[in-house]
Amino acid sequence: MSLTPVPRSPRPGLAAPHAGPPTMSPVVELNVGGEFYTTTVGTLRKLPGSKLAEMFSSSAKACMDSEGRFFIDRSGTYFGPILDFLRSGQLPTQHIPEVYREAQFYEIKPLVKLLEDTPKIFGEQVARKQFLLRVPGYSENLELMVRLARAEAMAARSSTVLVCVIRNEEDAVHCMDALRTLEEANKKSVVKFGPWKAAPDISDLLDCVKMDIEAQGYQVSYKRYPYRGKAANYFYTFLFTWW
């Protein structure tokens, strides 16, 4: 089978398209973002409809590196487990979230489905994310918290963001006056989460907020805000540490 090369003038030391339609050997060498792999055309085309099968179809355009290897412009760190699955159906035992993302990218649907049944991915995709979908404006509130923290960061070692978390409509009634008082006293916004209709409680939501902000590369912690009154359980300070 042949691949149509990408029309590009080769430069020394740079990835370049193969000159003319090359004949694809049953054994192929791959350069995936600087990681090198050897496999077969049959392995790469094992799942029709996958992105890998499409990449190595007879009508695809082939990009070659300077050594004549087929080049895929994506990190190759977790490409090995993708090949192992295509070769023998072997499931990864390490770095499962990372392999899961690669399986999604290459559209290896049987592997995606199997990984979604593992406790780690199941817990994240089915349990935690489904809970957060029931928290109105969750993603927008995370973005707001980061913006507020960064706005206070000038010449400071840390920033604080005040958060109000209400589990249900009854909580909202209890903290309404306190929320208004704190916004007026502190002269800054209070980020409000909730209410939501799901089993997890306020501490679960706070842990999710911390986890998702840390996943963006920030160093953050939280503690209860020192408010006296019936609404004390609803207010928390998130501390962003810059250095």
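Which helix gives the most residues to the lining of the largest pocket? In this predicted model, the largest pocket holds about 300 Å³ of space, and of the 13 residues that line it, P97, R101, E124, Q125 and K129 are the closest to its centre. Helix α6 (119–132) gives the most to this lining, with six residues. At least two lining residues are supplied by each of α4 (96–105), α6 and α9. By class, the lining of the largest pocket consists of five nonpolar, two polar and six charged residues.

The second largest pocket has a volume of about 150 Å³, and its lining is formed by E124, R128, K129, L132, L133, Y138, S139, D212, A215 and Q216. Helix α6 again provides the largest share, here four residues, and both α6 and α7 supply at least two residues each. Four nonpolar, two polar and four charged residues make up the lining of this second largest pocket. E124 and K129 belong to this lining and are also among the residues closest to the centre of the largest pocket.

The helices that contribute to these linings also pack against one another, and their arrangement can be taken pair by pair. Two packed helices are described by the angle between their axes and by the distance between those axes. For α4 and α6, the packing angle is about 70° and the axes lie 9 Å apart; as angles of 65 to 115 degrees count as roughly perpendicular, α4 and α6 are therefore roughly perpendicular to each other. The crossing of α4 and α6 is right-handed. On the α4 side the contact involves I96, P97 and Y100, which meet K120, I121 and Q125 of α6, and the contact of α4 with α6 comprises four nonpolar residues, one polar residue and one charged residue. Two of these contact residues, P97 and Q125, are also listed among the residues closest to the centre of the largest pocket.

The axes of α6 and α9 come within 11 Å and cross at roughly 100°, which makes α6 roughly perpendicular to α9. This contact is made by R128, F131 and L132 of α6 together with L205, C208, M211 and D212 of α9; in terms of class, the contact of α6 with α9 has five nonpolar residues, no polar residues and two charged residues. R128, L132 and D212 take part in this contact and also line the second largest pocket.

Helix α9 (residues 202–214) also packs against α7 (residues 138–151), with the two axes coming within 11 Å and crossing at roughly 60°, an angle that makes α7 oblique to α9. The crossing of α7 and α9 is right-handed. In the contact, Y138, L142 and M145 of α7 meet L205, C208, V209, D212 and I213 of α9, and by class the contact of α7 with α9 has seven nonpolar residues, no polar residues and one charged residue. L205, C208 and D212 of α9, which meet α7 here, also take part in the contact with α6, while Y138 and D212 are also found in the lining of the second largest pocket.

Most residues other than glycine have a negative phi, and most peptide bonds are trans. H95, in the loop between α3 (79–88) and α4, has a phi near 55°, a positive value in a residue other than glycine. G194 and P195 are joined by a cis peptide bond, with omega about 0°, and P195 is placed in the loop between β8 (191–193) and α9.

Notes: Residues are numbered from 1 along each chain as its sequence is written. This is a predicted model: local features need pLDDT of at least 70, side-chain atom pairs count only at pLDDT 80 or more; totals for chains, interfaces and linings use all residues. Side-chain values use heavy atoms; hydrogens and water are left out. Axes are lines fitted to C-alpha atoms, for helices over the stretch in contact, and angles run from 0 to 180 degrees between N-to-C directions. Angles under 35 degrees count as roughly parallel, over 145 as roughly antiparallel, 65 to 115 as roughly perpendicular and the rest as oblique. A crossing is left-handed if the near helix is turned anticlockwise from the far one by less than a right angle, and right-handed if clockwise. Contact means heavy atoms within 4.5 Å. Ala, Val, Leu, Ile, Met, Phe, Trp, Tyr, Cys and Pro count as nonpolar, Asp, Glu, Lys and Arg as charged, and the others, Gly among them, as polar. On a 1 Å grid over the protein atoms alone, a cavity is a set of points where a 1.4 Å probe fits but cannot get out, and a pocket is an open set with protein on both sides within 12 Å along at least five of seven lines; lining residues have an atom within 4 Å of a point. Grid points are joined across faces, edges and corners, and a volume is the space filled by probe spheres set on the points.
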